[in-house]
Amino acid sequence: MSAREMWTFIHYFSLMIGDLIPPDDEVWIFFINFLKLIDLLLSYSFTEDKVLRLQQLIKINNDNYVKLFNDTLKPKHHLLVHYPTVIRQSGPPPPKHTQH
C-alpha cells in the first residue's frame, strides 16, 4: 500500500467503524488524535497557532503511545518533536507534483 493509499484508508476507516467504537475508548481517542496530527502535518500553510496545536498533538500522541502500548518511543516518534521547529524555520514542504 502506498503512503497515499494508507492515508486514504485510515481516514475512511474511521468513518467506516467510528460508530461501532465507544467514544471514550482510549485507543480510539489515540487514533483520532493521530489523524488530527497527520492532517495538520500535511497542511499547505501554517500559522503560529497551527504550529502550537501541532506541538500539543505531538506531545499527546507520544505520551499516549507510551501509556497505552506500554512501549518506549521509537526514533520516528521522537523526531516528530522537532517538526514544529523545522516548520517555523522553513515553512511546510512544497507539494509533491504528480506526473500526468
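The model is predicted, so local features need pLDDT of at least 70 and side-chain atom pairs count only at pLDDT 80 or more, whereas totals for chains, interfaces and linings use all residues. Residues are numbered from 1 along each chain as its sequence is written, and side-chain values use heavy atoms, with hydrogens and water left out.

**Aromatic pairs**

The structure holds five aromatic pairs, where rings of Phe, Tyr and Trp (its six-membered ring) pair if their centres lie within 6.5 Å, and where planes under 30 degrees apart count as stacked, over 60 as edge-to-face and the rest as tilted. Two of the pairs involve phenylalanine 69.

| Pair | Centre to centre | Angle between planes | Class |
|---|---|---|---|
| Phenylalanine 30 and phenylalanine 69 | 5.3 Å | 80° | edge-to-face |
| Tyrosine 65 and phenylalanine 69 | 5.4 Å | 50° | tilted |

Tyrosine 65, by contrast, lies in helix 3 together with phenylalanine 69, four residues away, about one turn of the helix. Phenylalanine 30 is buried at 13% relative accessible area, and tyrosine 65 is buried too, at 15%. Elsewhere, ring pairs link Phe9, Phe13, Trp28 and Phe31 into a cluster.

**Nonpolar cores**

The largest nonpolar core has nine residues, including Leu37, Phe46, Leu57 and Ile87; such a core is a set of buried Ala, Val, Leu, Ile, Met, Phe, Trp, Tyr and Cys residues joined through side-chain atoms within 4.5 Å. Helix 2 (26-41) and helix 3 (48-69) each give two or more residues to this core, and helix 3 gives the most, with four. Apart from this core lies another, of five residues, among them Ile10, Trp28, Phe31 and Leu35.

**Two loops**

Serine 43 lies in the loop between helix 2 and helix 3 and is buried, with a relative accessible area of 11%. Asparagine 70, in the loop between helix 3 and helix 4 (75-80), counts as exposed at 73% relative accessibility, and its phi is near 45°, a positive value in a residue other than glycine.

Terms used. Buried means under 20% relative accessible area, exposed over 50%, partly exposed in between (1.4 Å probe, protein chains only).
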